Amino acid sequence: MEFTDLFKQSLYLCRFSPNAKYLATASKCHLVIREASSFQIVLMITWSDIIQKVLWSPDSELILVASYKTGKVTIYQVNDKKWSADIEEGTSGLTNVKWSLDARTLLCFSDFQLRVTIWSLTTKEVCYIQYPKYYEKGYDFRKDGRYFVLAERRDGKDYLGVYDCDNSFKMMKHFKVDTIDLENLAWSPDGRYIAVWDNCIQYKVLIYTPDGRCQQSYSAYDNGLGVKSVAWAPSSQFLAIGSYDQKIRFLNHYTWTPIIEFTHAVQLNNRDLAIWKEELDSLKESGRIIARFVILEQPLQELQSIRPDPGKPNPKIGVGVCKFNASGSLIASRNDNMPNCLWIWDISLMKPIVLIIQISPIRHFYWSPINAEQLVICCGNENIYFWSGQKSGAEIIEVPAVNFKVNNIRWNPDGNSLVLMDKELFTMAFIVKNTSLL
């Protein structure tokens, strides 16, 4: 693996373009766009404010920078350095900004969840959607970009609004949902269903069609905290529900009933489960401490688990994150009261196949966008951790930089490189050797 030098960034604002051609990074009021393959600078911009968001358009031709403090957004064109466009939200404020999938429409969320302002860069038209429930979640685009769904709160009740993106976001359907306090929603990859789930106090997952018909209302149990994470399989055949009871339940798309449960067990006696544990070794020659993976034998007496404080809100227990790989054949999960453990489950075999135990709590993990059997983990230290399938197993790669801690990672959409971020610095790592950097 080849690494670039270290460069400045702020707020972890490092973004690959969707076409995998460019890498945009922001440091305070400076935006730099580089070619992802050669790392050559394509565009450098000094903005008028501190940059708080960087976002590529879906077609990779435009890029925006935004300041929530001033309510200002500026759009630049990568191949035309003279072109730019400004949007100012003024007194309504700005809390979030998103591209529509047509790559020429912007959605700006105002302060206090008052409205979403929709700006068209082609027609210069402006329209509004009132009372979004959230600004950072509670909305989704259908995969083809034709329709947009938004969770709304009116008169103390939750509603979904479905809007036609090709017709100036005209409302197509507006219906009440059977939730006490809607937590989030997700459109299925095939565009046929919208999954909605209630907050953690009420265990409820609802499956709606875009025209407002409820296909299923699912609850695994009545007493105790409920849903913590939800993920659609890429095929839309399964909906994975991570719960506070430390289980993942899979609903099938025919009957919307659970077909299997995955339990994050504390004690293990499964000979088919490969367990990789990180350990530290001291090199006698240099005195350096290095990390390596060892394979553990089973049975294991007990995995390390945190006992949550019952007096504090948002207890660290339950399946906080579950993610399908690109093909939908595997799913990886982190149980929050076992923060050092990453589980990988085989959907076809309906059982866990890998458990990776880290020394430090796992901060982030991401599947490769291309390789269905490759996953990367970061734990806030000087290493990145790869799992590359059952045959290759797990490996540890140390970042060759002094005092550099990997706090976050982003894959290039081509799957051949990653950007690794410290608090104020970043480096790019090439999985496929790039001779132009040597």
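Analyst: One cut-off before we start: buried means under 20% relative accessible area. Also, this is a predicted model.

User: Fine. So is Phe-39 buried or exposed?
Analyst: Phe-39 has a relative accessible area of 9%, so Phe-39 counts as buried.

User: And Phe-7, what's its relative accessible area?
Analyst: Phe-7 comes out at 25%. That makes Phe-7 partly exposed.

User: How many aromatic pairs does the structure hold?
Analyst: There are 21 aromatic pairs. In one of them, the rings of Phe-7 and Phe-39 have centres 5.3 Å apart and planes at 50°, so the pair is tilted.

User: Which parts does that pair tie together?
Analyst: Phe-7 is in strand S2 (residues 7–8), while Phe-39 is in the loop between strand S5 (30–35) and strand S6 (41–46). The pair therefore joins parts 32 residues apart in sequence.

User: What about Phe-39 and Phe-426?
Analyst: They also form a tilted aromatic pair, with 6.3 Å centre to centre and 55° between the planes. Phe-426 belongs to strand S39 (residues 425–430), so this pair links parts 387 residues apart in sequence. Phe-426 is buried, at 0% relative accessible area.

User: Switching to charges. What sits over the ring of Phe-7?
Analyst: The charged end of Arg-34, 4.4 Å from the ring centre.

User: And where does Lys-137 lie?
Analyst: Over the face of Tyr-134, with 4.7 Å to the ring centre.

User: Last one. Which residues do ring pairs link into a cluster?
Analyst: Phe-109, Tyr-139, Phe-141, Phe-148 and Phe-169.

Note on methods: Residues numbered from 1 in each chain as written. Predicted model: local features only at pLDDT ≥ 70, side-chain atom pairs only at ≥ 80, totals over all residues. Heavy atoms only, no water. Phe/Tyr/Trp six-rings, centres within 6.5 Å; stacked < 30°, edge-to-face > 60°. Helix = DSSP H or I, 4+ residues; strand = E, 2+ residues; numbered from the N terminus. Buried < 20%, exposed > 50% of the residue type's maximum accessible area, 1.4 Å probe, protein only. Lys NZ or Arg CZ within 6 Å of the ring centre and 35° of its normal.
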